[in-house]
Each structure stands twice: as structure tokens, then as C-alpha cells.
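Thanks, everyone, for making the time this morning. I would like to walk through one model with you, going from the overall fold to the ligand and then to a pair of helices.

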Amino acid sequence: MTRFAYVNGLYCPHSEAMVHVEDRGYQFADGVYEVIALHRGRFVDEQPHLERLDRSLFELRIGWPMAPAVLKLVMRELVRRNGLRDGSIYIQVTRGVAPRDHAFPKTRVEPGLVMTTRRAKSIPAAALRDGVAVVTIPDIRWGRCDIKSVGLLPNVLGKQAALEAGAYEAWQVNAQGVVTEGTSTNAWIVTREGRVVTHPPGPQILNGVTRLTVLRLAAESQIAVEERPFTLAELKAAREAFLTSTSSHVLPVTRVDGAPVGDGKPGRIARRLRELYLAELERA
Ligand SMILES: Cc1ncc(COP(=O)(O)O)c(C=O)c1O
């Protein structure tokens, strides 16, 4: 079965999907994206993802490539053509095609819109059973990590560093010693006193949609969460740690820089939040 992509108004075979060499996304990373999970044929948290897309576009002064209602129709049509029920859709919007010049194009250009889908990759059983390892790396990113920009070079280098260290993810630590977030995940700890802590929203992190859902689920289950910066020293002394993202859901972190977190086993609160998140996926 042919796999389709959507590129600037056309559904085309994925292998033939191409953009212009002067697309500003390609030349300047002048664009934004979203990844939305599809669970049993239904988009997960579609609205918050599209609201975040709207916010990212607004912050960069890029227009919507089409009305949001039409974009939703295109998302569904691409999923239908690809016969997808469990997986994700990638949506990328760039400032469009224009002669290469750093400043915005002087004349009006249509934003570029690309969508692709992929089948769900299951999380390895060992990761669920034993938790995953993270390494820590310096946070070398720009000052607007709240914008879901396609400029991901520090994240690319960080994930590669994790891979080469045999870890699942790299958590970034800023100049103040604060753990901001992972390269594609939000970072959480449970302190020795049993307090759940995660970095507050702001320019230093992407406000993950999964993060927001987990905050709500925690509140509904009377699990108190402190949204405040936490340091690498606090991470190393934590009883538990876990990460959240669209594709990883809630995943216990049991090793940091080669040392066990707490007793080195997935923690009680991380496991509970994962169960709550999976139940929410089935319910929504
Ligand atoms: C830097 C960063 N932080 C956090 C996340 C998690 O966000 P979400 O839960 O919306 O997938 C992502 C996801 O891609 C990310 O790239």
C-alpha cells in the first residue's frame, strides 16, 4: 500500500514528497511543528496540540496555512489514505518559499504545510519493566524553547549523545544547574519527601501537552505537583524520576549518568501516573 504525505495542497507518495530548495524551513529552520498521536483511530489531545501550533505560529508571525477546521480535515484524510489507526501525524508549517534573505519576505508568501504519518513504535518491554536511563548534557539551546520550532540541532546532538551512551534520553541542564527538560521529553522528579516536581512553563521549556495532561491527572488523584525549577543535585538525590511525551507517555527514569535513581527501580508515583495516563488514553 502506498504511503502518502501531504505537501502544500497535494497528497503524494511519501517517497516523492518534496519541498522547494528555498523553503525557509529548509534554509533557516524558519518554521514550527507538532506531533499528534493517533490512538485507536482517534487523535490524542488534538485541541491542545493545535492551540500550541497556533501559539508557535503567532510568536514567529507566521500565518496559518489554512483554516484550522480545514487542517483538521486534511489530517483525517491523510490518516485515512494511510490506513492508520495507531501512530502519529507530523505537521510542519514554515514561512514559505522566498529568495534567500534573513529578513521576512517583503511580499506575501503562502506558508508551507507538510504532513506525514507513521505507525506507532511500541516502547520496548524492558523500558517499561526496568525504566530507562538518561544522561545529562548542557542546555545550549536558544531562549525561546516554548516555541515548537523546527530548529532542533541541540536536541539532535543531545539525543545522539544519549544513544551513544546507551541511554534513552538526554536531560538538559542550564548554566544555573537547573534541569530544564529532555531533548524531546519533559523531566520530572519525586523528592525524598515524596514531592513531585517539574520545571514550570516559560521560555526555558516546551510546555508538553502530555505534561499538561499528567498535571491534571495528578491533581485529580490528589498527587501534589510543584512546578518549580529543580537542580541536577536534586535529580541525583531524588527518590524517583520520570519523563513525559506524546510518544513515551509517562516513562520511569531509573538511571541518571550511570547511577541509580532511588533504589534503581521504577518508582511508585511514576508507575501510578503512567497507569492513569494509559487509562486516560483509552477513555478519551
Ligand atoms: C523539547 C521537548 N520537550 C518536551 C516535549 C514533550 O511534549 P509533548 O508532551 O507535547 O509531546 C517535546 C516533544 O516533542 C519536546 O520536543
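Predicted model: local features only at pLDDT ≥ 70, side-chain atom pairs only at ≥ 80, totals over all residues.

**From the fold to the ligand shell**

Along the principal axes, its C-alpha atoms fill a box of roughly 55 × 40 × 35 Å, and buried residues account for 39% of the 284 residues. If we take the contacts between residues at least 6 apart in sequence, 70% of them join residues at least 24 apart.

Let me turn to the ligand. Around it there are 13 residues, of which L206, G208, V209, T210 and T246 come nearest. By class, this shell has 3 nonpolar, 8 polar and 2 charged residues. Helix 6, residues 209-220, and strand 14, residues 240-245, each supply at least two residues of the shell, and the largest share, 3 residues, comes from helix 6.

Helix 6 also packs elsewhere, and which helix does its axis cross at roughly 105 degrees? That is helix 8, residues 268-283, and the two axes come within 10 Å; the two helices are therefore roughly perpendicular to each other. On the helix 6 side the contact is made by T213, V214, L217 and A218, and on the helix 8 side by L273, L276, Y277 and E280, which by class gives 6 nonpolar, 1 polar and 1 charged residues.

Definitions and conventions. Residues numbered from 1 in each chain as written. Near = placed C-beta within 6 Å. Helix = DSSP H or I, 4+ residues; strand = E, 2+ residues; numbered from the N terminus. Nonpolar A, V, L, I, M, F, W, Y, C, P; charged D, E, K, R; others polar. Axes fitted to C-alpha atoms, helices over the stretch in contact; angles between N-to-C directions. Parallel < 35°, antiparallel > 145°, perpendicular 65-115°, else oblique. Contact = placed C-beta atoms within 7 Å. Buried ≥ 20, exposed ≤ 12 C-beta atoms within 10 Å, placed from the backbone.
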